[in-house]
Amino acid sequence: MADIQKQFEEFHDEIKLKRFKENKELREKRDIITNKIKKGVKTKFEEMEKDVPSLEFIDQGSYAVDLGIIPEDKDYDIDEGVVFDLYKEDYTDSLELKKIIRDILKSHTTTIPKIKNPCVTITYSLDDEPAYHVDLPVYVKSKYDDHLYLAWGKEFSNKENKYWDPADPEGLNNYIKNSFADDAKKQFKRVVRYMKKWKDVCFESSGSSRPPSVGITILATELFSYKQSYDSLSSKYKDDDLNALKDFVSNLKRKFFLKWDHELEKNFYIIEYDLPVQPYTNVFSKMTNTQMDTFYQKLNEFENALTEAGGKSDPHEACKVLSPKYFGEAFPIPESKEARYKKVALSSAPSSSSAKENLL
């Protein structure tokens with residue numbers, strides 16, 4: 001079995017997104033937006049002759065849990081929750097506060113902010129192309145419990161599609177961050193990032209055809225297990241990312257089950273998995289049966305490729321199975337055995353001048 005741990009770790013370094021505290025530009029953009037929201041909310045509520053509510057901000061998404069990768073389309077994504085110290089019982093229209101946020105940031109970039117179902121999105125562009133965007137989910141409290149509630153609904157949603165949905169963004173962050181410790185945590189993060197890169201390379205970037213990253217991440221908190229293998233050269237055990245990734249993919253496949261689709265009259269492999277925190281909903285609910293079946297088939301193909309790579313004796317051949325088809329060009333391929341032997345043979349052969357000298 002080829003040892004390609006070095007290639008996996010080089011690949012991880014190549015795709016890993018820096019943390020917020022390490023990315024000065026994105027951190028500054030976030031701080032500018034949160035300061036604008038604080039000032040804008042104060043002005044707006046004073047104009048309405050209402051008490052100015054205090055605000056809190058919550059880092060969310062892959063930055064918050066340190067599981068980000070450099071996106072294939074270079075459209076970086078920041079999630080920053082805005083928590084108003086207000087009660088949902090006083091704001092029956094869940095869009096009212098989202099519209100205030102939208103209006104405050106209307107001229108912040110050249111692209112007008114968009115009110116989406118779960119958030120307000122601010123898009124930054126470079127050379128007329130989206131460079132990154134900031135998603136701002138809006139939350140309030142309740143007079144009757146300790147939960148946060150997410151403002152759900154688009155700009156022109158009808159009444160049925162506008163509501164306050166219970167949510168626990170900090171609980172989800174803590175659930176993911178505290179799932180593993182020490183070396184197991186480091187390998188868990190690498191495996192989740194490998195899966196995200198595989199998703200970027202093997203699925204269309206638009207629509208709901210891609211499995212949601214949060215679904216893969218929370219499934220990994222249950223299905224991932226730390227793997228090491230014995231290195232006879234150093235007589236020590238060392239991390240084995242190939243085995244850990246293959247084991248996770250196999251466990252993930254087992255979460256699917258067959259379901260008959262009465263409309264299409266055929267069986268599909270589907271998956272359901274609930275968030276471990278409020279609102280405890282199925283994270284794959286936006287995917288159609290066809291999309292979930294495609295997810296399963298791609299996992300199956302990926303599992304076979306990982307098995308094939310693990311069966312190769314030459315690291316060059318093992319890495320060629322994975323790159324570029326499943327991981328893109330970022331996954332390194334070392335020289336083949338033949339190329340290495342050729343180099344050694346050339347370096348040890350006498351030069352033509354020294355050969356002549358030897359003949360004299």
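Phe327 touches Phe8, Phe11, Tyr194, Lys197, Trp198, Val201, Leu245, Phe302 and Leu322, leaving out residues up to four places away in sequence; a contact is heavy atoms within 4.5 Å. The model is predicted: local features need pLDDT of at least 70, side-chain atom pairs count only at pLDDT 80 or more, and totals for chains, interfaces and linings use all residues. Residues are numbered from 1 along each chain as its sequence is written, and side-chain values use heavy atoms, with hydrogens and water left out.

**Nonpolar cores**

- The largest nonpolar core has 57 residues, of which Met195, Trp198, Leu245 and Phe327 touch the most other members.
- A nonpolar core is a set of buried Ala, Val, Leu, Ile, Met, Phe, Trp, Tyr and Cys residues joined through side-chain atoms within 4.5 Å; buried means under 20% relative accessible area, exposed over 50%, and partly exposed in between (1.4 Å probe, protein chains only).
- Elements giving two or more residues to this core include helix H1 (5-15), helix H6 (182-202), helix H8 (241-253), strand S12 (266-270) and helix H9 (289-311). Helices (H or I, at least four residues) and strands (E, at least two) are DSSP runs numbered from the N terminus.
- This core lies between domain 1 (18-167) and domain 2 (179-335), because both give residues to it.
- A second, separate core of 30 residues includes Ile78, Leu86, Leu136 and Tyr149.

**Domains**

- The protein chain is divided into domain 1 (18-167) and domain 2 (179-335), with bounds from an automatic or database domain assignment.
- Their centres, taken over C-alpha atoms, are 31 Å apart.
- To the contact, domain 1 gives 14 residues and domain 2 gives twelve residues.

**Ser323**

- Ser323 sits in the loop between H10 and helix H11 (337-348) and is buried, at a relative accessible area of 6%.
- A polar atom of the Ser323 side chain lies 3.0 Å from the backbone oxygen of Phe331.
- Apart from neighbours within four places in sequence, Ser323 is in contact with Gly328, Glu329, Phe331 and Ile333.

**Second largest pocket**

- The second largest pocket has a volume of about 190 Å³, the volume being the space filled by probe spheres set on grid points joined across faces, edges and corners.
- On a 1 Å grid over the protein atoms alone, a pocket is an open set of points where a 1.4 Å probe fits, with protein on both sides within 12 Å along at least five of seven lines; lining residues have an atom within 4 Å of a point.
- Its lining includes Met1, Ile4, Tyr230, Lys238 and Leu242.
- Strand S9 (228-231) and strand S10 (236-239) each give two or more residues to this lining, and S9 has the largest share, three residues.

Notes: Polar contact = N/O pair within 3.5 Å; in protein donor to acceptor, adjacent residues only side chain to side chain.
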